[in-house]
Amino acid sequence: MISDLLQIALRDEGVYDELSADGVAPRLHWAPFIQALQQIHPDELAKRWSRAERRIRENGITYNIYSDPLGATRPWRIDLLPLLLPAPEWRVIEAGIIQRARLLNTLLGDLYGPQRLLASGSVPAELLFANPGFLRPLAGLIVPKQAYLHLVAIDLARSPDGQWWVLSDRTQAPSGAGYALENRTIVGDILPDLFNAENVSRLAPFFRAQREALTHLAQREQPRIVLLTPGPYNETYFEHSYLSRYLGFTLVEGADLTVRDRCVYIKTVAGLQQVDVILRRVDDSFCDPLELRADSFLGIPGLVDAIAAGNVAVANALGSGLIETAAIMPFLPGLCRQLLGESLKLPSVATWWCGQKYALDWVSNHLDQVVIKPAFPARLMEPVFGADLGKIEKQKLADRLRARPLEYVAQEQVALSTAPVWDNGRVFSRSVVIRTFVLNTGTDWVAMPGALVRVAGDESSVVSMQRGGHSKDAWILSDTPVDPSQSLLRPRNQPVEIRRASNDLPSRTADNLFWLGRYAERAENLARHLRTLITRVRRANRSELACLIRLHSCLDSRRSKLPKKRPATADELEQEIISLMTDLKRGDSLASTLAEVQRVGGNVRERLSLDMTRLIGQMSETVQVEEYMLFVEHSALLTGCLELLSAFSGMERENVTRGQGWLFLSLGRRLERAMHVARQVREITSPLPEEEWPLLDYMLEVADSSMTYRSRYFTTLQPVAVLDVLMMDDSNPRSLDFQLSHLVDLYQKLPRHMPEDLRAVRHALSLLRSFDLETVEYPLPGALPTLSGSDERVRLERSLKELERLLPSWSNNLSNTYFSHARSLPITIGE
Amino acid sequence: MIYKISHKTTYKYKYPVSFGNHVACLTPRTAGHRRCDWNELRIRPLPATRSERIDYFGNQLSFFTIKEPHHELVVEARSEVSIDDEVKPWSDAPMPWEEVAREAPDDRSPEGIEAYQFVFESPRIRPSPEFAHYAQQAFTPGRAFGDALLDLTARIYREFRFDAKATTVRTTTEEVFRKRRGVCQDFAHLQIACLRSLNLPARYVSGYLRTYPPPGRPRLVGADVSHAWVSAYYPGIGWLDVDPTNNLVPSRSHVILGWGRDYGDVSPLRGLILGGRDHTLKVAVDMEPLEG
């Protein structure tokens, strides 16, 4: 394999290969790594790799590709082989990116402040005024400690002569640091010995410094810091949830925050709590629909005014996107001398901004040698490679440039360096770009000792995660000892809390957790229902079939209506069962319910343990039916599904701290279960003819209470006894009594009380307990129903119906009290 | 000349609004011969918070939030503005317009830099060859800037029809250009697009225009409207106002609220509300001359 590595290294002589200079021997700093890698048997490596892949899938590490039909669930693609960089080389890069970050920060301070650079002509005024990234409402506002930039990402590429060049700067909400962190944990897991032997610089101190830096941005002790995300549909949402968990910040969307009295507050289930610092991953102009883009649904109306009042710090400062323009690059060497009194250490890739006359002329005549890009990233445009164009197309392009020269830049295309990529035991050589990160600690600037390496998806030299590229870890091989105790995460198998007592629970999150509880419980009930039906429908006699059909009809409730046409024969029932199990077009199917579990679970994954996230990830796969699968085999699928659902509810009980998050999760589960049990119990309050008594057995199975029943009554099925187990038995966790008494407990723990509903739940519970089942005369086989005593049964039936009406209303009330203000989006008027 | 102005905006909502975040640009601007002597905002329901801020263009913005649930929001701006009787319409701007365009990028004086930003595209105005072509009917080679500017103003006045039903606040300038119809805001945007397409700095002015009743009839209270016009930069003199809706040069009948790149920078009242959904809007402006 290693010989492969070296052979392919020289595939393209025109580029720098990271691994080998001559295609014969690895570069010096790679040698020990290659040697150690050779000690690992390829099969073993493959095994470790597939473990890692499974972990990526199950942990829900994703990068959303907008055009991908898989949508929000595209797994993150990472390569097993890290990119190695020796310490001396890294020190050069480090000095270069730190200087650049300082420069960009100083530049922003002038452009949003006194604008001396315009007056002196050091920065052409067009560059500012034609730039949609220049947000006028932010100009002149005071930025604490002049820290416009908190974190900067700088993309670097290496040219054939070994020199690193800056390709682009990300200054408003740079992504990738979290992916770099996750890559490190994965690759570190696959190659632990190599990682330890290589003395790799650790990433953890960098993130600790980031935490501290954000804390220092606040005006008060123990500030409340939130991470603002555009939401689960954003391409890097995984990273937002990962970082929020890692850094210990509450993950919020714009709708979770509100501005009152020129301060920013988070809407939590306990009320409004003031926010001091916002680490944001929402683009500049989307952050405040009142003063910036009115059509943004991602922002917080009034945020700019809160910033103006000095009541909240935003990192990076709003408006920082201004200098993401490549048009600034040609001016940086001069600006660096002028502003920092130093020469620029790390060059930018050759860039011409067509807004300058001579540049436009040069570019028009040398289209072959350049890539044309939008000068301002806000304008969406695919890069155009001049060399790919015919004569007429070139002319057209030149005309476009002349018509709106300010809007275009041309860049030289760097022949990117290549690095080895491992793919199923084979090795390929691929172009790479590295994304580095620099942090402003408030007093100093530090670089993350590592990088997110992005790898071209094929042999081309276009590196883009949006186009399906891979990523790699980067190991900086330190020449001083590193402290191995600086680990990144707590061991994964430790219980992870949904919410710490000090952490705020945003109303939107509570909403999702509540529905996670409801959907998970609904799925469990449905799966049990279906399994009970499947195992019996083929061998059922006439009366048993009637019972099964009746059992199926129990799925029809106030909340969810079954199709009008009900199955009448075994064949029809079979069809219905399969449809109910797999049909994603039916909202009431198991497949849809599991999809909902996955959706709401995905919305709160930063609140769930990795194990819980993994279970959710596996669930929907369990009901994927193969085409030629036998009908009876479906029950095995359902059993698999139930195992996951039970494991999930088990973790919910045992591995989740009893905070507010758990409270809403449990409320959802208890309310949903109570709805199912009430509906089922009502079915058997009316007298059953003896031939329908098998229904009792089915009911017990659906309610997972067969064991409970047998332990009490052995095998004799008695309707009253079944009613007792399902309704009154407060030691049976599936009984109605159990649900209601737990609801009473949960309602008492709610952060703001709902006295009326608590009273109503209590009332329902005492009503339930008021029934003496022994007086509910239930006709025995052969006997005619007597008139006496039937009153009690009618009262019971009526109470159950009333309860079926009340349960959804309690759910709605919870929604209105705790979640609804997080749901309504502000509407713009006057625009 | 002193004006007493009332500008009343009423939003009626179909469903209650639980929270509202608003910003108003309703304080007349003191500049040149115009002075805002007094101004107040009356807001119902009473705002929970209010604050003022001067924006990037020097306009005064008022921010307010309303916390109590309401079906109706009334914002009334009352002002007194005095306009120096000395003010005369500008008359002479003889430099060829090409020279004005050529000088704009090179003028690094504070006024020059400030003016230069109004050459570029803004959210609602994108310069284009079509606008340039239209403008060139007035801006013929070598023509004096002032003459060309008045000619373009007159052309827009002649060739575009005032039609309040033809457009909304969301109508693009290109569409106005195609339809040849619109209101003051549209004509201002259009003329600015034309000027910027020739690399001439032009800004949007929001304000009020005094209206005169028909001869022999009393002045109708509340019949006036908020108004918009155009200001173009001429080096050495400064900003020259023209009103394409009325084909005149603003002087003592025009009161300025603020200016910016386009309507979006100086919309008189905007906000974000929770709830409400459907709403109706009524605006009543009354501009009463106290003397003169």
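Visitor: How many residues of chain B are in contact with chain A?
Guide: The structure is a predicted model. On the side of chain A, 27 residues take part in the contact. The number of residues of chain B that they touch is 27.

Visitor: Which element gives the most to the side of chain A that touches chain B?
Guide: Elements giving two or more residues to this side are helix H5 (116-119), helix H6 (125-129), strand S6 (257-260), helix H11 (303-308) and strand S20 (827-829) of chain A. By class, the residues of the side of chain A that touches chain B comprise 15 nonpolar, 5 polar and 7 charged. The greatest contribution, 3 residues, comes from S20(A).

Visitor: Within chain B, which residue in S5(B) stands opposite B:Leu41?
Guide: Strand S5 (residues 70-83) of chain B pairs with strand S1 (residues 2-24) of chain B in the antiparallel sense over 12 bridges, and B:Thr10 stands opposite B:Val74 there. S5(B) is also joined to strand S2 (residues 34-44) of chain B, by 10 bridges and again antiparallel. The residue in S5(B) that B:Leu41 faces is B:Ala77.

Visitor: Which strands stand at the edges of the open sheet of 4 strands in chain A?
Guide: The order of this sheet is S5-S4-S9-S10 (chain A), with parallel pairing. Each edge strand has a single partner strand, so one side of each is left without a neighbour in the sheet. From one strand to the next the twist averages 30°. The edge strands are S5 (250-252) and S10 (313-315) of chain A.

Visitor: What is the bridge partner of A:Ile225 in S9(A)?
Guide: Strand S4 (residues 225-228) and strand S9 (residues 277-280) of chain A run parallel and are joined by 4 bridges. The bridge partner of A:Ile225 is A:Val277.

Visitor: At about what angle to S5(A) does helix H10 run?
Guide: Helix H10 (residues 237-247) of chain A lies across both S4 and S5 of chain A. Its angle to S5(A) is about 150°.

Visitor: How far apart are the end C-alpha atoms of helix H20 of chain A?
Guide: Helix H20 (residues 634-654) of chain A has 21 residues, and at 1.5 Å a residue they should span 30 Å. The computed separation of the end C-alpha atoms agrees, at 30 Å.

Visitor: What arc around the axis do the buried residues of H20(A) cover?
Guide: Buried in H20(A) are A:His634, A:Leu637, A:Leu638, A:Cys641, A:Leu644, A:Leu645 and A:Phe648. Their arc puts them on the same side of H20(A), and what covers them includes helix H15 (507-537), helix H17 (570-582) and helix H19 (610-622) of chain A. The face turned away from the buried side carries the exposed A:Thr639, A:Gly650, A:Arg653 and A:Glu654.

Visitor: Is A:Ser168 buried or exposed?
Guide: A:Ser168 is placed in strand S3 (residues 164-170) of chain A. Beyond its neighbours within four places in sequence, A:Ser168 is in contact with A:Asp155 and A:Ala326. The threshold for burial is 20 or more other C-beta atoms within 10 Å. Because A:Ser168 has 22 C-beta neighbours inside 10 Å, this residue counts as buried.

Methods
Residues numbered from 1 in each chain as written. Chains lettered and ligands numbered in written order. Predicted model: local features only at pLDDT ≥ 70, side-chain atom pairs only at ≥ 80, totals over all residues. Pairing = 2+ DSSP bridges. Axes fitted to C-alpha atoms, helices over the stretch in contact; angles between N-to-C directions. Contact = placed C-beta atoms within 7 Å. Expected span 1.5 Å × (residues − 1). Buried ≥ 20, exposed ≤ 12 C-beta atoms within 10 Å, placed from the backbone. Arc of directions from axis to C-beta. Nonpolar A, V, L, I, M, F, W, Y, C, P; charged D, E, K, R; others polar.
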